Amino acid sequence: MSALPIAKFAGILVRQVAKPVSLRLQSYAEGHPVLRDYCIFLGQSLHLFTARILRQSQGLMQYTVNQPKTPVWGEKPSAPAAVMRVLREDQALALLKAGRAVELLSNPDGDYQKVQWKERGGELKEGWIPKRGSAWYSGPTLQSSIKPLSSIEALNNGTAFISEAFIFSVGATWVVYEMRLSAAESKLKAKAQKEEMERRDREIAELKQRADEADMHRAELAESNRKLSDLTLALESLRSESQEAKAEREHLASSGRRTIWLAAFAILPSVVLPLVLMR
């Protein structure tokens, strides 16, 4: 049986077990002093982040002016902010009062930052303001316009985030484990397929070698058959020639005997007749 289905069932079990563990972790964080403060900070940070994203999507201002009168210049001043503060107010482009909603456009290094605000008529204006206040108020010029949550709400948000993050981390870890397990099984399958292909290639090579050897043996056998046929023909020719020579010898022998008999019959009267006369 493959290990991957077992891992999937185990993953479902781990996710189910992670839920009560996360609730236990959440209750523990609410009672622990250090974790409680951390959860409150985390809840406030999450609230600030989500509120900023929401306001940006709706086109709302993100900051408010945090001092009574903040001068605005149309161009970024080259003089330090301390020098620009002592200039007459009528030399500034505008004066932003405390509580005015603005949007931060640019915050480069230096004493100034670029902001945008909306006039009563709906006209948008922009300019450069100092990053810090006047001599009697040296704090930041801008403050976030997002109201912080109460400690209880921030604590609930922080602990809920930790709980959900724990469940998500368990699920993500198990998904990564399943992916690694699946990758290992894929590697094993690929290795087995490679070995099978190599085995088949070896078998094909052996069969090809055997076929080549069989072709060579057939060629040798054909050559032997050809030579045997040639020898058979030569033997038949020699046998025919031998029979012809034998027939010729027999013919010659028969002709010689007949010649002898004829000669004997020819000389017989000349030999026998004198003998008869002599008697």
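This is a predicted model: local features need pLDDT of at least 70, side-chain atom pairs count only at pLDDT 80 or more; totals for chains, interfaces and linings use all residues.

Visitor: What makes the largest nonpolar core a core, and which residues are in it?
Guide: The label goes to a set of buried Ala, Val, Leu, Ile, Met, Phe, Trp, Tyr and Cys residues joined through side-chain atoms within 4.5 Å. Buried means under 20% relative accessible area, exposed is over 50%, and partly exposed sits in between (1.4 Å probe, protein chains only). Here the largest such set has 10 residues: Tyr63, Val65, Val72, Ala94, Leu96, Val102, Val115, Trp117, Ile129 and Leu142. Strand S1 (63–65), strand S3 (94–97) and S5 each supply at least two residues of this core. Strands are DSSP runs of E, at least two residues, and helices are runs of H or I, at least four, numbered from the N terminus. There's also a second, separate core of five residues, including Cys39 and Leu149.

Visitor: What is Val115 in contact with, beyond its neighbours within four places in sequence?
Guide: Contact means heavy atoms within 4.5 Å. For Val115 the list includes Leu96, Val102, Ile129 and Leu142, along with Lys125 and Glu126.

Visitor: Why is the Glu126 and Lys114 pair called a salt bridge?
Guide: The term asks for a side-chain nitrogen of Lys or Arg within 4 Å of a carboxyl oxygen of Asp or Glu. Glu126 and Lys114 come in at 3.2 Å, N to O, so the pair qualifies. It links distant parts of the chain, with Glu126 in strand S6 (residues 124–130) and Lys114 in strand S5 (residues 112–118), 12 residues apart.

Visitor: How do you know whether Glu126 is buried, exposed or partly exposed?
Guide: Its relative accessibility is 38%, so Glu126 counts as partly exposed. Lys114, at 23%, is partly exposed too.

Visitor: What makes Glu236 and Arg239 a salt bridge?
Guide: Their N to O distance is 3.5 Å, so the pair meets the cut-off. Glu236 and Arg239 are three residues apart in helix H4, so about one helical turn separates them. Glu236 has 40% relative accessibility and Arg239 has 42%, so both count as partly exposed. Elsewhere, salt bridges that share partners join Glu196, Arg199, Arg200 and Glu203 into one network.

Key: Residues are numbered from 1 along each chain as its sequence is written. Side-chain values use heavy atoms; hydrogens and water are left out.
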